[in-house]
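Please describe the fold of this chain.

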Amino acid sequence: MSNTTDTHKATLTLPTDDQILITREFDAPRHLVYRAWTTPELVKRWFGGSHGEVTSAEIDLRVGGAWRYVVSAGGGPESAFHGEYREIVANERIVSTEVFEGAPEAESINTMTLTEQDGRTTMSVLVQHSSQANRDAVIAAGMEIGMNVALDSLEQVAQALA
Amino acid sequence: MARAATTTDVFNAIAEPRRRELLDQLADGERSVNELVERLGLTQPLVSKHLRVLREVGAVRVRDDGRRRMYSVDAGALKPIHDWVSNYERIWSERFDALDTVLDELKEQEQDDVQHD
């Protein structure tokens, strides 16, 4: 059984002006994490988090193949995301494009990497925006932001507000 | 290409890298324009221009200290950005928590398969 008191938090950092890096450790071998990441029926169970329901998950897992997820939050309007697979190394690495259909001109390239140690897997997802213009379009859409005010400064800001 | 208004809100204002550098320099306390010019290696007019944009969106405050104008970060204006980062982080945390549940099931299935072989 998993230790339910051990809540793993996703770590978000902003390595450069146009990148977002998310990392998280899982108590499972990486071939299972990979399976959960690439199997539509399983994606439907986690991609919506606790607020959204994934109403559609399509995955054509081959280089040049397309993916598309549709999420509905609380019966509200649907958000859709889609992209294309650029590079696939089973159980290790997937490079794909991603477009939030609310800001269709802004495509990012996402690199998902899995490393396993002692039966545990660390996942990293690097979101690389393709240009500052695209990144800014996404900022305008309120979805993602490539800003680089050091997170440390933001922590200070947050503490100042507390 | 159409140029989006860069000063309408704090998100757009800090999309400009030099302005983020300015905010970083102000993160640990107030500084004068001259100090900022020195630290950033930019011209005084350029620093003043960026400070003006940051003031317009409320990201920095200014006060007069004798003949010097001292600039500081206005934490309240940066709160939307902090909220955004927190929100993005929360979305991914929720996804990953749900993924934990899926993985637990996959692990159990795999163990069952081994036992039944």
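How many C-beta neighbours does N91(A) have inside 10 Å, and is N91(A) exposed, partly exposed or buried? In this predicted model, N91(A) has 17 C-beta neighbours inside 10 Å and counts as partly exposed. N91(A) sits in the loop between β5 (78-89) and β6 (93-100) of chain A. Its phi is positive, about 70°, although N91(A) is not a glycine.

Two further residues also have positive phi. D118(A) is another non-glycine; this residue lies in the loop between β7 and β8 of chain A. D118(A) is exposed, with 5 other C-beta atoms within 10 Å. G64(A) belongs to the hairpin of β3(A) and β4(A), which has six residues between the strands.

| Residue | Phi |
|---|---|
| N91(A) | about 70° |
| D118(A) | near 50° |
| G64(A) | near 95° |

Now the sheet. Eight strands of chain A form an open, antiparallel sheet, in the order β1-β2-β8-β7-β6-β5-β4-β3. β1 (11-13) and β3 (52-59) of chain A are the edge strands; each has a single partner, so one side of each lacks a neighbour in the sheet. From one strand to the next, the twist averages 20°.

Two pairings show the detail. β2 (residues 19-26) and β8 (residues 120-129) of chain A run antiparallel and are joined by eight bridges. There, L21(A) faces L126(A) in β8(A) across the pair. β3(A) pairs with β4 (residues 66-73) of chain A over seven bridges, again antiparallel. Here I59(A) stands opposite W67(A) in β4(A).

Finally, the helix. α1 (residues 30-38) of chain A lies across β2, β3, β7 (107-117) and β8 of chain A. Helix α1 of chain A runs at about 155° to β7(A).

How values were computed: Residues numbered from 1 in each chain as written. Chains lettered and ligands numbered in written order. Predicted model: local features only at pLDDT ≥ 70, side-chain atom pairs only at ≥ 80, totals over all residues. Pairing = 2+ DSSP bridges. Helix = DSSP H or I, 4+ residues; strand = E, 2+ residues; numbered from the N terminus. Axes fitted to C-alpha atoms, helices over the stretch in contact; angles between N-to-C directions. Contact = placed C-beta atoms within 7 Å. Buried ≥ 20, exposed ≤ 12 C-beta atoms within 10 Å, placed from the backbone.
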